[in-house]
Amino acid sequence: MARMNNKVALVVGGAKGIGLSIAERLAGEGAKVFLTSRKGEEAEKAAHNIGSGAVGIAADASSPEDMRAAVETVRKAHGHIDALVLNAGLSEPSLIAEITPEHFDRHFDVNVRGMVFGFQAALPAMTDGGSVVLIGSIAGSAGYAGYGTYCATKASVRSYARTWTAELAPKGIRVNVVAPGPTDTDMMAAVADDVRAAIVAPIPMGRMAKPSEVAAAALFLLSDEASYIAGAELCVDGGLLQV
């Protein structure tokens, strides 16, 4: 039987890249999928391509009002949420001497503030025993020159997963993190060949992750197969951070 059969899933930031791959995999496993994007036409196109009754919602992940409206759309359709994926994020380089307040605020608004208030908006609709996956990064456990703000936001993601697990355990709501390493998304495909080679060089498995491989990890953590896994971080990095 499909692992997410008849479960209701909301994927925040689900129109492109890793988020889209997760939404596709959830739908393929029987979930009723809702996905958001800041651009409504992108959300609708992604949902149409997924099929299986997927619904696209225009919502800015950094806006609590938009997230409450997105959750209300799901509630009106099905009354509850069983699986929540908080994927929206951004990464822009800046050395410490060059970081501006705008750069700092932009990253924390989307990567942390948006995640916090997106979860807060969804929580009243979450079923007891539901599951949440936060999309972090191995950058949350490492230091990459020029990406200090991004790394700090992803460290915050990891920390919140621990705290929320402690808070929500009485409801049986599990919160876990999927932490990808370099992943071969459309954005990465635009990177110059020499830069790609430098990124891949230290990865023991000799290549970047496929979005579908990150999606497989998220699916596992969202499913009942991971019913006793909570507060954990699952790295999908080809061994980059592990060896």
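A polar atom of the R158 side chain lies 3.1 Å from the backbone oxygen of G231; a polar contact is a pair of N or O atoms within 3.5 Å, where within protein one must be able to donate a hydrogen and the other to accept it, and residues adjacent in sequence count only if both atoms are side-chain atoms. The model is predicted, so local features need pLDDT of at least 70 and side-chain atom pairs count only at pLDDT 80 or more, while totals for chains, interfaces and linings use all residues. Residues are numbered from 1 along each chain as its sequence is written, and side-chain values use heavy atoms, with hydrogens and water left out.

- R158 lies in helix 5; helices (H or I, at least four residues) and strands (E, at least two) are DSSP runs, numbered from the N terminus.
- R158 has a relative accessible area of 13% and is therefore buried, where buried means under 20%, exposed over 50% and partly exposed in between (1.4 Å probe, protein chains only).
- Leaving aside neighbours within four places in sequence, R158 is in contact (heavy atoms within 4.5 Å) with V177, G231, A232 and E233.
- A232 sits in the loop between helix 8 (211-222) and strand 7 (233-236).
- A232 counts as partly exposed because its relative accessible area is 26%.
- With neighbours within four places in sequence again set aside, the contacts of A232 are R158, V175, N176 and V177.

**Cysteines**

- The structure holds zero disulfides, a disulfide being a pair of cysteine sulfur atoms within 2.5 Å.
- C151 is in no disulfide, and the nearest cysteine sulfur, that of C235, is 13 Å away.
- That 13 Å from the sulfur of C235 to the closest cysteine sulfur, in C151, is too far for a bond.
- C151 is buried, at 8% relative accessible area, whereas C235 is partly exposed at 24%.

**Cavity**

- One cavity of 30 Å³ or more is found in a search of the whole structure; on a 1 Å grid over the protein atoms alone, a cavity is a set of points where a 1.4 Å probe fits but cannot get out, a pocket is an open set with protein on both sides within 12 Å along at least five of seven lines, and lining residues have an atom within 4 Å of a point.
- The volume of the largest cavity is about 90 Å³, a volume being the space filled by probe spheres set on the points, with grid points joined across faces, edges and corners.
- Its lining includes V12, A61, L86, K154 and V157.
- Helix 4 (101-122) and helix 5 (148-168) are the elements that give two or more residues to this lining, and helix 4 gives the most, with four residues.
- The lining of the largest cavity divides into eight nonpolar, three polar and one charged, with Ala, Val, Leu, Ile, Met, Phe, Trp, Tyr, Cys and Pro counted as nonpolar, Asp, Glu, Lys and Arg as charged, and the others, Gly among them, as polar.

- The largest pocket holds about 1,800 Å³ of space.
- Among the 50 residues that line the largest pocket, G89, L90, S91, T185 and M187 are the closest to its centre.
- Helix 1 (17-28) supplies the largest share of that lining, six residues.
- The lining of the largest pocket divides into 25 nonpolar, 16 polar and nine charged residues.
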